[in-house]
Amino acid sequence: MKITRVAAAVILRADGSFLLGRRAPGTYYPGYWEFPGGKVEAGETPHDALVRELAEELGIEVIAATPWIVREHVYEHAHVRLHFFRVTQWRGEIVDHVHDALAWQTPGAETVAPMLPANAPVLAALTLPGVYGITHAWQIGLAAQLAALDAALAHGLKLVQLREVALPEMQREAFAAAAVSRCRQYGARVLVNGDAQLARAIGADGLHLPARQLLVLDRRPPFPLVAASCHERHELEHAARLGLDFAVAGPVLPTASHPHDAGIGWERFAALIRDLPLPVYAIGGLSPADLPAALAAGAQGIAAIRAAWRPDPAR
């Protein structure tokens, strides 16, 4: 079956809400909700099509749109490849010319249904924040890390990886339980690095797989949230085949632990993650100040160890 390329817009307001449109009668899947957008015509790039479609459908001029994820879906009438963009700035008042209704929705709390089947993973990805904090209590001490976690949670951190394989077992378990308790108070989600037994024991939200664990798996671990660290394209593609929720890739810039390693840079990072169906966080010498560069490269956001625990970082 021929693949039809489609540009899809995740139009985001400053409060994080996003726009959906309901398909009108006389179209395929009437009454279903979708992200605005349309077919990529001959000679167009997906970005070109996005700009044209939003002008035609909503009467707006796109000012800022960054590439995000690319997903394929086979409907009864078509095999589509959906190029999703996050649209954060536009000019003009949104006036619908195609759908029979529009609705602004909050990630994770959608109130409209049914949704087109291809969009379910996109809705899940929208619940992921821009910053993924990674603990290093094994370096700075348990008390210092818990204090830093408290401060970061109070300033809005919503996604945490407990990466403490170097701690003795009893200390690791005690720290992990204390960290989960703190995260629960703030509605933050927690993943445990590499230890499924510990993740289950402390009631974590999920598991973060090192690349060596990822590559030996032939199915997704049974957790609500599963991620992986990747360095090569084949690792990212394997994470996608397993249906993981997101990945982390890098290093992008020099890090404190490897100051003489230049990192792969933003251009190579963008090429590494291009057209993947799952969100990818950039890692390696990054802080929340690097979020604009990460988003421009197609990343979900940034993952950080040291920078995640600095006072009052942006989220």
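Against which elements do the buried residues of α5 pack? In this predicted model, the buried residues of α5 pack against the helices α3 (137-140), α4 (142-154) and α6 (196-202), and against the strands β9 (159-162) and β10 (189-193).

## Helix α5 and its surroundings

The residues of α5 that are buried are Arg172, Phe175, Ala176, Ala178, Ala179, Val180 and Cys183. After α5 comes Gly187, which has a positive phi near 70°.

## Strand β8 and its two partners

Strand β8 (residues 131-134) is covered on both faces, with Val131 and Gly133 buried on one side and Tyr132 and Ile134 buried on the other. In a regular strand the side chains alternate between the two faces of the sheet. One partner of β8 is strand β15 (residues 301-304), which runs parallel to β8 and is joined to it by 3 bridges; within this pairing, Tyr132 has Ala303 as its bridge partner. Another partner is β9, also parallel to β8 and joined to it by 2 bridges, and here Gly133 stands opposite Val160. Strand β9 is also among the elements against which the buried residues of α5 pack.

## The open sheet of four strands

Elsewhere in the chain, 4 strands form an open sheet with mixed pairing, in the order β4-β1-β6-β5. Its edges are formed by β4 (37-39) and β5 (61-74), each of which pairs on one side only, and neighbouring strands of the sheet are turned against each other by 20° on average, direction ignored. Strand β1 (residues 3-11) pairs with β4 in the antiparallel sense over 3 bridges, and in this pairing Ala7 stands opposite Gly38. Helix α1 (residues 46-58) lies across β1, β4, β5 and β6 (79-91), and runs at about 65° to β1.

The loop between β1 and β2 (18-22) contains Ala14. With a relative accessible area of 92%, Ala14 lies over the 50% cut-off and is therefore exposed. The C-alpha atom of Ala14 is separated by 7.9 Å from that of Thr88, although these two residues are 74 residues apart along the chain.

## Cavity and pocket

Where does the model leave space between its atoms? Rolling a probe the size of a water molecule over the atoms shows where empty space is left. The structure holds 1 cavity of 30 Å³ or more, and the largest cavity contains about 40 Å³ of space. This largest cavity is lined by Trp68, Ile69, Ile273, Leu276, Leu278, Pro279, Val280 and Gly298.

The largest pocket contains about 930 Å³ of space. It is lined by 37 residues, of which Arg163, Thr255, Ser257, Ile283 and Ile305 are the closest to its centre. At least two residues of the lining of the largest pocket come from each of α3, α7 (211-214) and β12 (225-230).

## Backbone features in the loops

Most residues other than glycine have a negative phi, and most peptide bonds are trans. The table lists exceptions of both kinds found in this model.

| Site | Feature | Value |
|---|---|---|
| Ala113 to Pro114 | cis peptide bond | omega about -5° |
| Gly250 to Pro251 | cis peptide bond | omega near 5° |
| Tyr29 | positive phi | near 55° |
| Asp275 | positive phi | near 65° |

Pro114 has its place in the loop between β7 (101-105) and α2 (120-125), whereas Pro251 has its place in the loop between β13 (246-249) and α9 (265-273). Tyr29 is found in the loop between β2 and β3 (33-34), and Asp275 is found in the loop between α9 and β14 (280-283).

Are Tyr29 and Asp275 buried, partly exposed or exposed? Tyr29 has a relative accessible area of 24% and so counts as partly exposed, and Asp275, at 45% relative accessibility, also counts as partly exposed, because residues are buried under 20% and exposed over 50%.

How values were computed. Residues are numbered from 1 along each chain as its sequence is written. This is a predicted model: local features need pLDDT of at least 70, side-chain atom pairs count only at pLDDT 80 or more; totals for chains, interfaces and linings use all residues. Side-chain values use heavy atoms; hydrogens and water are left out. Two strands pair if DSSP finds at least two bridges between them. Axes are lines fitted to C-alpha atoms, for helices over the stretch in contact, and angles run from 0 to 180 degrees between N-to-C directions. Contact means heavy atoms within 4.5 Å. Buried means under 20% relative accessible area, exposed over 50%, partly exposed in between (1.4 Å probe, protein chains only). On a 1 Å grid over the protein atoms alone, a cavity is a set of points where a 1.4 Å probe fits but cannot get out, and a pocket is an open set with protein on both sides within 12 Å along at least five of seven lines; lining residues have an atom within 4 Å of a point. Grid points are joined across faces, edges and corners, and a volume is the space filled by probe spheres set on the points.
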